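Open the model in your viewer and keep the selection panel at hand. This tour goes stop by stop: select, look, move on.

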Amino acid sequence: MGGMTARPLEPLIDEATTWDAVLWWRLELRSLDDAPFTQRTVAVLGPKGAWEKEYGRPSVGGCLQTLLYVLSLAAPTAGAGWMLLWALGGGGGEAPVDVAGVASLLSVVITVVSEFVYRNRPRATAMAAVRKVYLAHIVPGLITIGIAVSGSLADPEVGGSLWWLIPVVADVLVHVALWVRRVTVKTGPRNPIENVEQSVRELTTAVRERVLASRNAAVDRLLGQGKIDAETASRAKLSALGMMSLTVAGEARSSYYPEAHEGIDPR
């Protein structure tokens, strides 16, 4: 899900005949168009119907991020698969260690860039999901290393291409180190609620004030049109940035993301 250019809130309010919980979530998501990182963390907490309406089309940045993520997972597996095919074929010819090496090099670069972004914008993630990602790098890497080393012992000519194992070994070591760090370091947001709070803290004062002013003006408009009562309007305006929908329309949260409402690994 990617942020969009800021869209007006007035049409969303004016076109609604009645105001329901899902519309609260839509209003808050739209008010955060100028703060896309915060918008994404809030969207995870919201009902599916809200973010489907607000994100009709995927953004170019979001698609690129997804493609890079898939590539980082697929590359080591593809390299290991190529090595397995070579080994199962009798090991004739030159081992495709270079293919596995290039694949792992791509994986390492993507991982390093992703970790750099993560360090600057830490977010809570489920440890079970993270373990699967790490194993998707470590296991194929170990398979590639094992086949390459055993192949070089059986055929000295294979040994000439073993320098391509450097990025493969690097990919394995990087993800082992990340795994160890994730198990031992207990800092940063611990759940999706804290993800929202963290993303709000990362906003500049100017952006925070602009978003709050836009959101509160929208609440005043709702009150003026008689679509909410004064008590609800007061609760909405007093709520922290990113928490308005949870405050006044928490019942609309979706089970589509069950991990958003359960204990999550504190990283």
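How many of the ten residues of helix 9 are buried? Keep that in mind while you take in the whole chain.

**The whole protein**

This is a predicted model. Show everything as a cartoon. You will find twelve helices and zero strands. Read along the sequence, the pattern is α-α-α-α-α-α-α-α-α-α-α-α. The protein has 267 residues, and buried residues make up 43% of them. Now consider contacts between residues at least 6 apart in sequence: 77% of these join residues at least 24 apart.

**Stop 1: helix 9**

Select residues 192-201, which form helix 9. Here is the count: seven of the ten residues are buried, so helix 9 is largely enclosed by the rest of the structure. Colour the buried ones: P192, E194, N195, V196, Q198, S199 and V200. Then show helix 3 and helix 10, against which these buried residues pack. Finish at the start of helix 9. There, a side-chain oxygen of N191 reaches to within 3.1 Å of the backbone nitrogen of I193.

**Stop 2: helix 2**

Select residues 21-31. Ten of the eleven residues of this helix are buried, so helix 2 too is largely enclosed by the rest of the structure. The buried set is A21, L23, W24, W25, R26, L27, E28, L29, R30 and S31. What covers them? The cover includes helix 1 (10-14), helix 3 (36-45), helix 4 (48-54), helix 10 (205-224), helix 11 (230-238) and helix 12 (244-249). Show these one by one.

Now zoom to the N-terminal end of helix 2. D20 caps it, with a side-chain oxygen 3.3 Å from the backbone nitrogen of V22.

**Stop 3**

Leaving out residues up to four places away in sequence, W24 touches W19, V219, L222, I228, T232, A236, M244, S245, V248 and A249.

W24 also belongs to the largest nonpolar core, which has 36 residues. Within this core, W19, W24 and L27 touch the most other members. Helix 1, helix 2, helix 3, helix 4, helix 9, helix 10, helix 11 and helix 12 each supply at least two residues. Which helix gives the most? Helix 2 does, with six residues. Apart from this core lies another, of nine residues, among them M83, W86, L165 and V168.

**Stop 4: L29, then Q39**

Select L29, still in helix 2. L29 is buried, with a relative accessible area of 2%. Beyond residues up to four places away in sequence, L29 touches Q39, V42, A43, A50, W51, E54 and Y55.

Next, pick Q39 in helix 3. Is Q39 buried or exposed? Q39 is buried, with a relative accessible area of 0%. Look for D33 beside it: a polar contact of 2.6 Å joins the side chains of Q39 and D33.

**Stop 5: S31**

Go back to helix 2 and select S31. S31 counts as buried, at 7% relative accessibility. With residues up to four places away in sequence left out, S31 touches L9, V211 and R215. R215 leads on to the next stop, in helix 10.

**Stop 6: helix 10 against helix 11**

Show both helices together. Their axes come within 10 Å and cross at roughly 175°. That makes helix 10 roughly antiparallel to helix 11. On helix 10, select R215, N216, V219, D220 and L223; on helix 11, select A230, A233, A236 and K237, which they meet. By class, this contact has five nonpolar, one polar and three charged residues.

**Stop 7: P76**

Last, move to helix 5, residues 60-88, and select P76. P76 is buried, with a relative accessible area of 4%. Which residues does P76 touch, not counting those up to four places away in sequence? They are L71, S107, A136, H137, P140 and D171. Then draw a distance from P76 to V102. The two are 26 residues apart in sequence and 9.2 Å apart in space, C-alpha to C-alpha.

Terms used:
Residues numbered from 1 in each chain as written. Predicted model: local features only at pLDDT ≥ 70, side-chain atom pairs only at ≥ 80, totals over all residues. Heavy atoms only, no water. Buried < 20%, exposed > 50% of the residue type's maximum accessible area, 1.4 Å probe, protein only. Helix = DSSP H or I, 4+ residues; strand = E, 2+ residues; numbered from the N terminus. Contact = heavy atoms within 4.5 Å. Polar contact = N/O pair within 3.5 Å; in protein donor to acceptor, adjacent residues only side chain to side chain. Axes fitted to C-alpha atoms, helices over the stretch in contact; angles between N-to-C directions. Parallel < 35°, antiparallel > 145°, perpendicular 65-115°, else oblique. Nonpolar A, V, L, I, M, F, W, Y, C, P; charged D, E, K, R; others polar. Core = buried A, V, L, I, M, F, W, Y, C linked by side-chain atoms within 4.5 Å.
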